[in-house]
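I opened my notebook to record what I looked up, one entry at a time. Here is the structure I worked from.

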Amino acid sequence: MWKYVLKRVGLIILTAFIILSISYILIQLLPIAPPEGGAAVQISFFDQQVDLGYFRRLTAIEVNAGAVVDFQVVDSGGTTYYYQAVPVMERYITWLGNVFTRWDWGTSTAISVNRDAMEIILERLPVTIELNVISIVISTPLGIAIGIWAALKKNKPTDTIISTLIMIFISVPSFVLISFMLLWLTYYNRWLPQTWPSSMAVANDPTLYFKGLIIPVSALSFGSIAGFARYTRAELCEVMNSEFLLLARTKGLTKARSITNHALRNSMVPIVPMIIAQFISILSGSMVLEQLYSIPGTGQLFVNALNSRDYSVVMVDMAMYTVIGLFATLLVDLSYGVVDPRIRMGAR
Amino acid sequence: MKKKEKKLENPAAETSEEKGPRFAKEDDFKFVQLDKSIHDTKFETKPTTYFKDAFKRFCKSKSSVVAASILGVLVLMSIFVPVFDRNDTSRSNDEMRFLPPKWFEDTNGFLDGTGYVENVVIDPKTGLPATGNGAAVYYEDAITGGKDGITTKESVVSDTYSETTLTNCSGGYVALTPTMLEDESTFSSPEIPNLLPGSVLTVSYGADIEDSMIGNNYTLYLRKEDGEDVSEIDLTPVRNATTGLYEATYACPEDSSSTAVYRLVYSMTGGDLWLSSLSIKVDGQEASNVVFSDDFTTQTTYLLGFESPASFILNNVVRTSSISSQYRWSFSNGTAYIKETVILTGSFRYDYYKGIYGDESGYEFSYDDLQEFVKRGWIADTFHPTANLVPSQNVHPITDAKAELGFELTELGEIYCPIRSITGELYSRFEGTGSITESRSFIGVRSRYRDFYYRGFIASCEPVSFFLGTDNQGRDFFKLLFSGLLTSLELGVLASVINIFIGVVWGSISGYFGGYVDLFMERLTEILGGMPWIVLMTLIVLLLGSNFWTFLLALCLTGWIGTSSTTRAQFYRFKGREYVLAARTLGASDARLIFRHILPNGIGTIITGAALMIPGVIFSEATISYLLPNVLSFQGTTSFGVTLSNAQAYIYNYPYLIISGSVVMAIVMICFNLFGNGLRDAFNPSLKGGNE
């Protein structure tokens, strides 16, 4: 078991390393966008880049000798500074060194100029995680309960209605759902705030916090509730058809007891790993939501960083999503073994 | 027991007796079918193939069949709508912006191209919506019921300027009508701080009063409260000729009580008053916490208050009184308050199509336009500009266009010609060095829809009704939506085909050979699959530019991983079977084993995967275009996601765009999923499991 886990973690680290390396090189192939702002900001940005080893400062003599100048900045005193980008592979090696030795992931060029990109991400992470945890906590029991209900009322009107609703919620893209909720709840009926309430507004009116949660949490939950319900229903229906359940009924168990003690336990086998998978899909699915509801989370940050070509922030955000995604697959695999002891870890 | 046996024995005995001897004599023996050749008769019923069988099962699932037919209709629509709907969506036409959907005529607001317009500022003089200053234009003839169809509302408002305009008016500006002061009203300010013996109080303000009013029905004084002792100190404001402000000063005597509290009070009877830029200074220091207007609690006048009195000077407050009781303010900075002001607003039903397609007088047509109309046979060729017209900047009025210009619409022109009549002619002549520039144009009545037709915006020369309205650039949203759907479908189908091809080949090889090949190939897919797809797509599109093909590439980069893993699983399942072994023994090559023997087993799964992959691709494309419209929007073509993303910006003001777009998107997704599920059940009945 532990050997398997260690092996997997090792593989994950290797995979993450390769993914991030490829991404870094690809991103560095894109045209570099220097920070917007005055010469002072630019110079301090480039100087920092020089310190980190991504750029080289050129002297006027070198420039006259024909060195390639990628950027030049004229400061208020009239002095011209010349900068030359280091070749991509060299930059990559330097970047690796910076990350491993100093945990320096680069500085932001647009989101919040000259700030450490890692710091920005860590600042935004709590909101995203909070929203995800709340929605998973709400949607898991609700989804499973609805699924059980539908399975017990199989082929009856209740089941048909639930199945249809599940179908609709799975099919409709989240931004459609969010748009309609925004229209209905915040515009036609001004029940809820139109955007994510700021911390200042929440300090003034604590109820605003809960009001602000309603739209994001329900937008994130609907899809996963439908997913859980569909899965639970299918699983439970299958288990209920199985022979051991027939045996349980034959030996005299009541229907309720046979379902709670035998059917439910067995149908939970694929559900538990699904919770983890859902958490990941919610995490990446919240990008649209964060953008539409102006939630200051990592998803919105990622979109904004891409739109403003702030590549350091993109890189760190991406690294976070990649690592979380990879560890989630490991967790899913491990959870199979925990839930169902028959499944042996690492068995071929 | 015995009885039973007997009974059983008996019938056997009887039959043998009836049949007589078991073997007939030789000459009785006849070969009945001796000269007949006997073959197996062909089956009367046609043999079913795998696909026919699946089709039969598919037809049994009603929801899937319905979904498939809706899908078929949508696909056909996406192909034919852009062809047959010839309204131009490639150019923008600001005049046709944001028309609501129109399906019927006169259904009182239900999809008839009208909309209920609320809280439009009404000009009290004319009783019609106020015009100018960037306000939305409402034509009287397009208001349902005309002037009488407007329900007016007077509301007394006390709020910040921005909130007032936001909640009480839609667009344009706010018209504030002050009510008349009936009785005497007295207003007092909060305590003026730091007004100690020896200091000097300076009050200045802008006001809308005649000098003669001061002291008669308008007074400003200082109230001194010292315990029980209350006295009034008269201030006589004098108008400063240079600033236009009224100013008053009061020097607090050295011997006065230091515990006295001072308040500024003003009272007035009758008339309407306008006060602004109130500044109360003590020893030259702004007493900023004294916001005089806050104490106005009566309903009878209006006053502007500012958060910081010093931040405004009179020039920042523009008052236009071209209409006597209508006021307008504009501010350059700060927050302005409106106090106890009556705002006249109106609500009415407005026919946007009438407003857009009606005639417009005073429109200027160039001479070239008219010559083009003559060439097309819309205007009789007797048309000629006035000869010997004196060049002038002014419009030369035409009273009888037929007599003066020979202007007459032909029969065809009655239908098509955008210019309906001519009321003026403009002729200017400029002699430069060695060149003479002449320009000639005609002022007349323009028929808007005929002009739109002439300029190619609409497909037929009649007031068109747009099925789903128009977007922010005046483009037919119906056509836009379905051409976007076509792009998305093309992308979805192509991407699915490529993904499935790659996935099947990759998965087969990986699954068939196993071992190190499998291990290596699996790691590759893991690396690709581990990258967040949104990042990968963005990178590709940023690197290679944004168009249909890069988008396709980006979608194909990771899309095949799912198919590959299912195919791999299939191969692991089937490669050990006996028939594979048999084929191998007979000398079948690896390729033959893979593609002829094992792969056909998984064909159902693959087809189902394709059907379920198309909506996935459409979804991915829509999401990413929706998220990053600036970076990733298609160049040239419009996809579904881009269309929706544009509509999202107008969700509050023009919700019909996002609603119709989302509904189509939702229907497409639901149908694809139902269709895919139906296919899965049909091809693989065992997977149905719990649904049975």
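**Entry 1: a residue pair.** I began with A:Val73, which stands opposite A:Tyr81 in β3(A). The model is predicted, so I kept that in mind throughout. Next I looked up the strands themselves. β2(A) pairs with β3 (residues 80-85) of chain A in the antiparallel sense, over 4 bridges.

**Entry 2: the sheet.** In what order do the strands of this open sheet run? I found β1-β3-β2 in chain A, 3 strands with antiparallel pairing. β1 (55-58) and β2 (71-74) of chain A stand at the edges. Each has a single partner strand, so one side of each is left without a neighbour in the sheet. From one strand to the next, the twist averages 30 degrees. I reminded myself that strands of a sheet pair through backbone hydrogen bonds.

**Entry 3: a helix on the sheet.** Which strands does helix α2 (residues 39-52) of chain A lie across? I noted β1, β2 and β3 of chain A. The helix runs at about 135 degrees to β2(A).

**Entry 4: domains of chain A.** I looked up the division of chain A: domain 1 covers 37-108 and domain 2 covers 119-339. Their C-alpha centres lie 44 Å apart. The contact takes 4 residues from domain 1 and 6 residues from domain 2. On the domain 1 side I noted 1 nonpolar, 3 polar and no charged residues.

**Entry 5: two helices of chain B.** I turned to α3 (residues 62-84) and α20 (residues 655-683) of chain B. Their axes come within 8 Å and cross at roughly 135 degrees. That angle makes α3(B) oblique to α20(B). The crossing is left-handed. From α3(B), the contact residues include B:Ala67, B:Ile70 and B:Leu74. From α20(B), they include B:Val668, B:Phe672 and B:Phe675.

**Entry 6: chain B against chain A.** How many residues does each chain give to the contact? I wrote down 32 from chain B and 36 from chain A. On the chain B side, α11 (515-530), α12 (533-544), α17 (603-627), α18 (629-632) and α20 each supply at least two residues. Which helix gives the most to that side? It is α20(B), with 9 residues.

Terms used: Residues numbered from 1 in each chain as written. Chains lettered and ligands numbered in written order. Predicted model: local features only at pLDDT ≥ 70, side-chain atom pairs only at ≥ 80, totals over all residues. Axes fitted to C-alpha atoms, helices over the stretch in contact; angles between N-to-C directions. Parallel < 35°, antiparallel > 145°, perpendicular 65-115°, else oblique. Left-handed = near helix turned anticlockwise from the far one by under 90°. Contact = placed C-beta atoms within 7 Å. Domains from an automatic or database assignment. Nonpolar A, V, L, I, M, F, W, Y, C, P; charged D, E, K, R; others polar. Pairing = 2+ DSSP bridges.
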